[in-house]
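Here is a short report for a reader meeting this structure for the first time. Please look over the sequence and the model before reading on.

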Amino acid sequence: MFFKTLAVAALAGVAAAKPCSTKPTAASASPTRQWETAYTATAASDVAAAKATAKTNSPTSHVKGKVFDRYVSIWFENTNFEKAKADPNFNFFAQQGILLDHFFGVTHPSEPNYIASVAGDYFGMNNDDFWRGDFNVSTVFDLLDHKKISWSLYQEDMPFSGFEGKAWVNQKNGANDYVRKHNPAVIFDKVAHYEDKLAQIKNLSLTDPAHSQFHADLAADKLPQWMFITPNMTSDAHDTDVTTAGSWLRTFLGPLLSDPKFMQNTLVLITFDENEVYADRNQIFSVLLGDAVPAELHGTTDSHYYNHYSELATVQANWDLPTLGRWDVGANVYSYVAAKTGSQVRAWASEAEFNGHYWNASYAGVFYDGGKGNTEYPAPNLELDGFRGRPILEEVKKTWKDSKNPTYYTGALELPDGMNPPKGYAPIKA
Ligand SMILES: *[C@@H]1O[C@H](CO)[C@@H](O)[C@H](O)[C@H]1NC(C)=O
Ligand SMILES: *[C@@H]1O[C@H](CO)[C@@H](O)[C@H](O)[C@H]1NC(C)=O
Ligand SMILES: *[C@@H]1O[C@H](CO)[C@@H](O)[C@H](O)[C@H]1NC(C)=O
Ligand SMILES: *[C@@H]1O[C@H](CO)[C@@H](O)[C@H](O)[C@H]1NC(C)=O
């Protein structure tokens with residue numbers, strides 16, 4: 001089963017444990033603690049106690065990529081493409097790299113976009129609730145671990161490494177600060193089940209750099225090869241505006257552009273989870289930059305169709321990773337990377353169909369509000385094993401080989417949305 005009831009307990013500061021129906025068997029699983037729910041308590045005293053013993057991990061590796069050796073994505077919130085493009089700071093970064101001007105969010109609101117970027121689907125989520133993805137759902141973290149490529153998340157103002165609570169507010173003024181819904185790793189049991197993996201979900205602080213894990217890892221030359229960076233609810237424009245977000249990015253990323261401890265054949269993706277106006281198409285501002293982007297491409301625009309699954313496809317192409325057998329399989333690889341990895345960048349078969357997709361509402365699956373959707377996870381499509389030269393992760397095949405669940409992934413570029421849902425996944429009317 002999937003878990004939503006936990007939210008209430010977590011808010012009350014109780015580390016409620018609901019047994020997971022799929023039994024993890026991996027050797028590193030702790031026999032003594034259920035790590036998935038060890039750190040959900042949010043009361044200040046519980047957080048202080050947990051922080052005293054929670055582990056922090058900073059693995060590193062040097063697995064050569066075909067185009068880049070390090071991948072960093074930095075996510076902002078709820079801004080229309082044109083608005084971000086007009087911001088002087090976001091525009092400053094666009095001038096240092098490649099502007100992607102046909103990049104779309106996959107739905108609304110936030111959380112489904114975040115989980116999509118690591119799991120290859122949002123499983124019909126149409127809300128920002130406290131969820132746990134089942135242990136049998138694999139993510140990019142399994143793909144990276146498979147090739148021993150180090151990864152970490154850096155979440156601004158997360159109180160300690162591996163915190164699993166729904167939110168953590170600014171302790172001085174009570175303002176929104178860190179939120180679980182913007183942390184795509186902690187939501188999946190396949191990550192949260194392991195203390196060592198939880199310990200790779202760390203913090204970042206611009207106000208207290210002496211206690212910022214990002215800055216500690218940077219100084220110690222212990223940044224990983226794959227990282228996901230989430231500014232807090234003020235810095236990412238969620239509770240503020242694009243000007244605040246742009247100025248945060250200038251402060252944070254500006255100095256890193258010339259820091260050899262950060263720039264090590266590094267590709268940085270600056271992106272947004274979704275646009276702001278739901279009636280518009282969900283187009284978001286995205287830029288690729290870093291020392292892995294050739295100088296002659298600085299200030300250029302790439303107009304191919306991309307979405308949050310392109311983030312998976314690009315990392316897979318670069319490091320020759322297997323796939324998850326979901327929407328990642330058909331997604332476009334960023335064209336300058338594709339040119340060097342032999343990936344084909346495709347266009348929608350029909351321009352009219354493309355324009356008819358808004359990606360502004362969710363099709364209805366296991367995480368849809370009120371159980372009004374299909375309550376089965378779609379199975380990865382195991383027939384996509386080897387599709388366009390890329391195998392599916394062995395573990396995914398093993399887990400799902402006997403599954404009778406339907407699948408809707410076809411390897412096509414064309415991506416459904418709530419107005420054009422996959423068959424069997426339309427919202428159930430009351
Ligand atoms: C994955 O877990 C869910 C929830 O427990 C279950 O419905 C589904 O059948 C499982 N699938 C496989 C292949 O184990
Ligand atoms: C960041 O996380 C570390 C490790 O858990 C913790 O010691 C530190 O106090 C945290 N920093 C802030 C500013 O909360
Ligand atoms: C968010 O981060 C900024 C600095 O990046 C800081 O000024 C602010 O206090 C943090 N938290 C809140 C709730 O604003
Ligand atoms: C999505 O956009 C269409 C076209 O503007 C609009 O009719 C529809 O109401 C929007 N859906 C949501 C959930 O806002």
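## A covered helix

Helix α11 is mostly covered, with twelve of its twelve residues buried. Here, buried means that 20 or more other C-beta atoms lie within 10 Å of a residue's own; exposed means 12 or fewer, partly exposed lies in between, and C-beta atoms are placed from the backbone. Helices (H or I, at least four residues) and strands (E, at least two) are DSSP runs, numbered from the N terminus. The model is predicted: local features need pLDDT of at least 70, side-chain atom pairs count only at pLDDT 80 or more, and totals for chains, interfaces and linings use all residues. Residues are numbered from 1 along each chain as its sequence is written, while chains are lettered from A and ligands numbered from 1 in the order in which they are written.

The buried residues of α11 include His308, Glu311, Leu312, Val315 and Trp319. Just after the helix, Asp320 takes a positive phi of about 55°.

## The nonpolar cores

The largest nonpolar core has 104 residues. Such a core is a set of buried Ala, Val, Leu, Ile, Met, Phe, Trp, Tyr and Cys residues joined through C-beta atoms within 7 Å. Inside this core, the residues with the most contacts are Ile115, Ala185, Met227, Leu267, Val287 and Leu288. Helix α11 (residues 308-319) gives the largest share, six residues. Apart from it lies another core, of eleven residues, including Tyr39, Ala50, Met158 and Tyr178. In soluble globular proteins, nonpolar side chains tend to be buried together.

Which residues is Leu288 in contact with, leaving aside its neighbours within four places in sequence? They are Gly97, Ile98, Leu100, Leu267, Leu269, Val293 and Tyr334. Contact means that the C-beta atoms of two residues, placed from the backbone, lie within 7 Å.

## Strand β2 and its partners

Strand β2 (residues 98-104) is mostly covered, with five of its seven residues buried. Two strands pair if DSSP finds at least two bridges between them. Five bridges join β2 to strand β9 (residues 283-289), and the two run antiparallel. Leu99 has Val287 as its bridge partner in β9.

Two other pairings of β2 are parallel. With strand β10 (residues 300-302) there are three bridges in the parallel sense, and Leu100 is partnered by Asp302. With strand β11 (residues 306-307) there are two, again parallel. There, Phe103 has Tyr306 as its bridge partner.

## Strand β7, enclosed

Why is β7 largely enclosed by the rest of the structure? Five of its five residues are buried, so the strand is largely enclosed. Both faces are covered: Trp226, Phe228 and Thr230 lie on one side, Met227 and Ile229 on the other. In a regular strand the side chains alternate between the two faces of the sheet.

Strand β1 (residues 70-76) runs parallel to β7, joined by four bridges. Val72 has Met227 as its partner in β7. Strand β3 (residues 151-156) also pairs with β7 in the parallel sense, over five bridges. In that pairing, Trp151 stands opposite Trp226.

## Around the ligands

The shell around ligand 2 includes Lys51, Phe160, Asn203, Asp208, His211 and Gln213. A residue belongs to a shell if its C-beta atom, placed from the backbone, lies within 6 Å of the molecule. By class, this shell has three nonpolar, six polar and two charged residues. Ala, Val, Leu, Ile, Met, Phe, Trp, Tyr, Cys and Pro count as nonpolar, Asp, Glu, Lys and Arg as charged, and the others, Gly among them, as polar.

Ligand 3 is surrounded by residues including Glu156, Asp157, Asp177, Leu206, Thr234 and Trp248. Its shell has three nonpolar, five polar and three charged residues.

## Backbone exceptions

Most residues other than glycine have a negative phi, and most peptide bonds are trans. The bond from His108 to Pro109 is cis, with omega near -5°. Pro109 sits in the loop between β2 and α5 (110-119).

Asp221 is not a glycine, yet has a positive phi of about 55°. Its place is the loop between α9 (213-219) and β7 (226-230). Asp221 is exposed, with 11 other C-beta atoms within 10 Å. Arg388, also not a glycine, has a positive phi of about 50°. Arg388 is in the loop between α13 (351-355) and α14 (394-400), and is partly exposed, with 15 other C-beta atoms within 10 Å.
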